[in-house]
Amino acid sequence: MKFYKIPIYLYQIITKKRTLKISLENNTESLVKEDAESIFFYKKIDTINSNSLKFSHLISIDGIAGFAGSSAITDFLGEFSNCTSIGGVDIRENPDRGIDNSYECDFFRDAYGVYELEKICYFDDDRIQDEAVRAFIKKVIINYKSYISFYNDFYLDESRKFINEILDFRFEWTGNFQNYFVKKLSVNEYREKAKKYIYNLISNIPSKEYLILDNLASITNPKQDVLNDYFGDVKILASYRDPRDLYTAARNLSGNDWVPKDPIIFVKWYKWYFERFNYSNNSNVLLIRFEDFVFKYEEISLKIRNFINLDEGNHDLKFKFFNPDISKNNIGIYKNYHDQNAIKCIEENLSDYIYRG
């Protein structure tokens with residue numbers, strides 16, 4: 001089961017209990033820069049290690065509405081000798097997968113990510129374009145500070161190159177405050193630069209034949225034709241789960257407020273995701289019910305292997321990371337939830353999504 005947590009390091013940065021101070025050389029003056037823009041443009045990158053292991057198949061994992069069991073897919077694929085599977089790991093449940101695999105690769109689809117930055121092509125307003133670039137830079141720095149094992153100096157350097165590719169010019173005023181003026185780019189021109197940036201990033205990941213990244217692309221947004229343009233023939237494996245268990249799992253995790261507590265709002269929230277699915281008649285998306293993966297393991301594992309053309313002969317670590325016998329403990333947890341009125345409300349309003357065995 002996947003849990004979403006803010007790293008302590010990032011929490012300290014957000015609450016201003018901690019800052020990142022970087023000493024730089026600017027001519028003969030030694031400066032200390034703390035703001036995102038200064039880190040982005042002025043941090044010195046000493047060495048960049050380029051990876052020689054390249055993937056030939058790119059797979060993205062998605063979970064519908066959170067707590068959806070997508071970690072079962074990333075763990076399952078991590079058992080194959082020709083797969084590099086990154087993300088979707090709960091270290092408490094699966095410490096063997098390692099802390100370095102616990103992050104999500106969300107630089108494309110997230111708010112202020114690569115796809116949203118495409119808005120600079122739709123607006124000629126300098127303020128909208130300036131804010132879009134500024135938000136993207138802040139997103140890069142947050143990633144860089146909080147998940148250094150993945151969003152490392154190479155990520156920072158490539159992001160800097162990408163921004164400089166789309167900028168016409170920039171200048172500082174009132175201290176270190178930056179103004180950004182972008183080039184006049186068509187959508188196609190922007191995407192060509194963005195695709196080069198994305199490819200450089202993921203090609204730097206030490207990878208085997210199959211590279212599996214959690215949350216690289218989404219089945220809700222953008223649409224498949226956009227995904228095809230950015231990523232080519234990328235395959236997406238998406239999981240969903242009984243809403244009663246999803247609600248219970250969210251409530252059992254202290255401090256988790258992004259899943260609605262009010263069962264009526266939760267029902268609307270859950271339906272909202274399903275109404276925006278990008279999988280209808282889509283040969284590049286395979287939707288998997290978590291409960292089926294647990295109770296019909298052989299059937300679903302075969303379906304996954306066939307979908308991405310993965311040979312069972314490479315399944316060297318079977319049941320090491322995803323063991324359906326253990327995952328059974330995560331099914332039916334709603335039965336012990338203290339507020340059965342909330343569960344009944346979910347059952348009555350989301351009957352089409354209830355797992356019936």
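Me: Start with two helices. Why are α6 and α7 called roughly antiparallel to each other?
Reply: The model is predicted. In it, α6 and helix α7 (residues 187-203) pack at an angle of about 170°. Angles over 145 degrees count as roughly antiparallel. Therefore α6 and α7 are roughly antiparallel to each other. Their axes are 10 Å apart.

Me: Which residues make that contact?
Reply: From α6 come Phe154, Tyr155, Glu158, Ser159, Phe162, Glu165 and Ile166. From α7 come Tyr190, Lys193, Ala194, Tyr197, Asn200 and Leu201. By class, the contact of α6 with α7 has eight nonpolar, two polar and three charged residues.

Me: What makes α5 and α6 roughly antiparallel?
Reply: The angle again. α5 and α6 pack at about 170°, with axes 10 Å apart. The cut-off is over 145 degrees, so α5 and α6 are roughly antiparallel to each other.

Me: Which residues of α5 and α6 meet?
Reply: On the α5 side they are Val133, Phe136, Lys139, Val140, Ile141, Asn143 and Tyr144. On the α6 side they are Asp153, Tyr155, Leu156, Ser159, Phe162 and Ile163. The residues of this contact of α5 with α6 divide into nine nonpolar, two polar and two charged.

Me: Where is Phe150, and how do you know whether Phe150 is buried or exposed?
Reply: Phe150 lies in the loop between α5 (126-146) and α6 (153-166). Its relative accessible area is 12%. Buried means under 20%, so Phe150 is buried.

Me: What does Phe150 touch?
Reply: Leaving out residues up to four places away in sequence, Phe150 touches Tyr103, Cys105 and Ile205. Phe150 and Tyr103 are 47 residues apart in sequence. In space, C-alpha to C-alpha, Phe150 and Tyr103 are 7.9 Å apart.

Me: Why is helix α9 described as largely enclosed by the rest of the structure?
Reply: Helix α9 spans residues 243-252, and nine of its ten residues are buried, so α9 is largely enclosed by the rest of the structure. The buried residues are Pro243, Arg244, Asp245, Leu246, Tyr247, Thr248, Ala249, Ala250 and Arg251. They pack against α10 (263-275) and α14 (340-349).

Me: Last, the whole chain. What are its totals?
Reply: The secondary structure comes to 14 helices and nine strands. Of the 357 residues, 54% count as buried. The chain exposes about 17,500 Å², and carbon and sulfur atoms supply 48% of that area.

Me: What share of contacts joins residues at least 24 apart?
Reply: Take contacts between residues at least 6 apart in sequence. Among these, 73% join residues at least 24 apart.

Key
Residues are numbered from 1 along each chain as its sequence is written. This is a predicted model: local features need pLDDT of at least 70, side-chain atom pairs count only at pLDDT 80 or more; totals for chains, interfaces and linings use all residues. Side-chain values use heavy atoms; hydrogens and water are left out. Buried means under 20% relative accessible area, exposed over 50%, partly exposed in between (1.4 Å probe, protein chains only). Helices (H or I, at least four residues) and strands (E, at least two) are DSSP runs, numbered from the N terminus. Contact means heavy atoms within 4.5 Å. Accessible areas come from the Shrake-Rupley method with a 1.4 Å probe; for residues, only the protein chains shown count as cover. Axes are lines fitted to C-alpha atoms, for helices over the stretch in contact, and angles run from 0 to 180 degrees between N-to-C directions. Angles under 35 degrees count as roughly parallel, over 145 as roughly antiparallel, 65 to 115 as roughly perpendicular and the rest as oblique. Ala, Val, Leu, Ile, Met, Phe, Trp, Tyr, Cys and Pro count as nonpolar, Asp, Glu, Lys and Arg as charged, and the others, Gly among them, as polar.
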